[in-house]
Amino acid sequence: MGGRDKVVLGLSGGVDSAVAARRLLECYDVYCLYLDIGLGEAGRADAAAVAASLGLPFETADIRAALERHVCAPFAEEYLTGRTPLPCARCNPTVKFPALLALADQVGARFVATGHYARVQDGILLRGMPANDQSYMLARLTREQLQRVIFPLGDYEKTGVRALAQEYGLPVAEKPDSMEICFIPDGDYAAWLDRRGETPPPGDFVDRQGNVLGRHKGIHHYTLGQRRGLGVSGPHRYFVSAIDLERNRVVLSDGGDLFARRTHCVQPNWISTGALTEPMEVTVRLRHSKTETPAVISPWDEGVLVELTAPARAPTPGQLAVFYDGDTVVGSAWIAAGPSAHS
């Protein structure tokens, strides 16, 4: 045991990180860290039970202040300025992995790990298995961070991990997956924003010509491309095609204007390459889905111009564009402008 590398694992109390712990202890001395965001004891109790069942040391880190500063406050600000934030992609490089690395440095651990479905090779982020690849949400991790990361579930699919949890007799083997934003467990982000105060007032739904179609509940209730929950009837289905912050209006259309062949992105994070100096052929994901489109990326001011070979639906300001070369994550950048500006 003494000659093995140490690893600090983020143990959430869910099935994935529990199986990751069991897999890691075959090769590493594992330290378990539960990241406490102040939502009660259930998650911590499940994580502690997993650690105890495997005989692993267990600690808790209170990350509420860091989460508020780096994730919650920017999340609220983005929605209140008509953008659609992606909190998990912000949390990973600014809160979650820094907390793991801080404990790793404290205990002399070479590596940190989580139960994400992705792979790392020589500090380069790679896709996980197609059925549940999570590389999109990890694409803001820096090359420096990735040099110390292990993803023990990278070669597994969720069904296989569930089976392993049963085989190992882990106490959370039957626990359902959590799909919501961790700090908004009920999924009602608009109500969460309302509780923080200073949310925008109701205003008008309008068409592209400025004709009033109805009343909206506040721009923070809507995102580009949204169809459900609008409460507006007309000659066709309506979609949110723009959010007019200055006039507190939500622009609706039949959806035909949501498609774009190009979009501008900012704050690139390059992983498998240095700074982009010339055009590069990639495939790109513009949202957390399996939809991927061939594109050419080029330097643009201090950001990236993405030119798609086929129109993409509703590139949404505040979301992430992730660039791939086969299984390799080339890098990522934040979408800065929607389709109405770049058709």
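**Close-up views of a predicted model**

**View 1. Strand S13 and its partner strands.** Strand S16 covers residues 320-325, and three bridges pair it with S13 in the antiparallel sense. Strand S13, made up of residues 280-285, is also joined to strand S14, residues 293-300, by five bridges, and these two strands run antiparallel. Within that pairing, Val 282 stands opposite Ala 295 in S14. As background, strands of a sheet pair through backbone hydrogen bonds, either parallel or antiparallel.

**View 2. The salt bridge between Glu 292 and Arg 127.** The side chains of Glu 292 and Arg 127 meet in a salt bridge, with 2.5 Å from N to O. Glu 292 lies in the loop between S13 and S14, whereas Arg 127 belongs to strand S6 (residues 124-127), so the pair ties together parts that are 165 residues apart in sequence. Glu 292 is partly exposed at 26% relative accessibility, while Arg 127 is buried, with a relative accessible area of 14%. Both residues belong to a network of salt bridges that also links Arg 119, Asp 133, Arg 285 and Asp 327.

**View 3. The open sheet of five strands.** The strands follow the order S3-S2-S1-S4-S7, and their pairing is parallel. Strand S3 (58-62) and strand S7 (149-150) stand at the edges with a single partner strand each, so one side of each is left without a neighbour in the sheet. Helix H2, residues 42-54, packs on this sheet, where it touches strand S2 (29-36) and S3, and its direction makes about 155° with that of S3. At the other end of the strand order, strand S4 (residues 111-113) and S7 run parallel and are joined by two bridges, and Val 112 has Val 149 in S7 as its bridge partner.

**View 4. The open sheet of four strands.** Here the order is S9-S8-S11-S10, and the pairing is mixed. Strand S9 (212-216) and strand S10 (239-244) are the edge strands, each with a single partner strand, so one side of each has no neighbour in the sheet. Neighbouring strands are turned by 30° against each other on average, direction ignored. Strand S8 (residues 203-206) pairs with strand S11 (residues 249-253) in the parallel sense over three bridges, and Asp 204 has Arg 249 in S11 as its bridge partner. By contrast, S8 and S9 run antiparallel and are joined by four bridges, with Gly 203 standing opposite His 216 in S9. The hairpin of S8 and S9 has five residues between the strands, and in it Gly 210 takes a positive phi near 90°.

**View 5. Cysteines without a disulfide.** The count of disulfides comes to zero. The closest cysteine sulfur to that of Cys 72 is in Cys 182, at 7.3 Å, which is too far for a bond. Cys 182 is likewise in no disulfide, and its nearest cysteine sulfur, that of Cys 91, is 5.9 Å away. Cys 72 is buried at 6% relative accessibility, whereas Cys 182 is partly exposed, with a relative accessible area of 41%.

**View 6. The salt bridge between Arg 148 and Asp 105.** The closest N and O atoms of this pair are 3.0 Å apart. Arg 148 is partly exposed at 23% relative accessibility, while Asp 105 is exposed at 53%.

Terms used
Residues are numbered from 1 along each chain as its sequence is written. This is a predicted model: local features need pLDDT of at least 70, side-chain atom pairs count only at pLDDT 80 or more; totals for chains, interfaces and linings use all residues. Side-chain values use heavy atoms; hydrogens and water are left out. Two strands pair if DSSP finds at least two bridges between them. Contact means heavy atoms within 4.5 Å. Axes are lines fitted to C-alpha atoms, for helices over the stretch in contact, and angles run from 0 to 180 degrees between N-to-C directions. A disulfide is a pair of cysteine sulfur atoms within 2.5 Å. Buried means under 20% relative accessible area, exposed over 50%, partly exposed in between (1.4 Å probe, protein chains only). A salt bridge is a side-chain nitrogen of Lys or Arg within 4 Å of a carboxyl oxygen of Asp or Glu.
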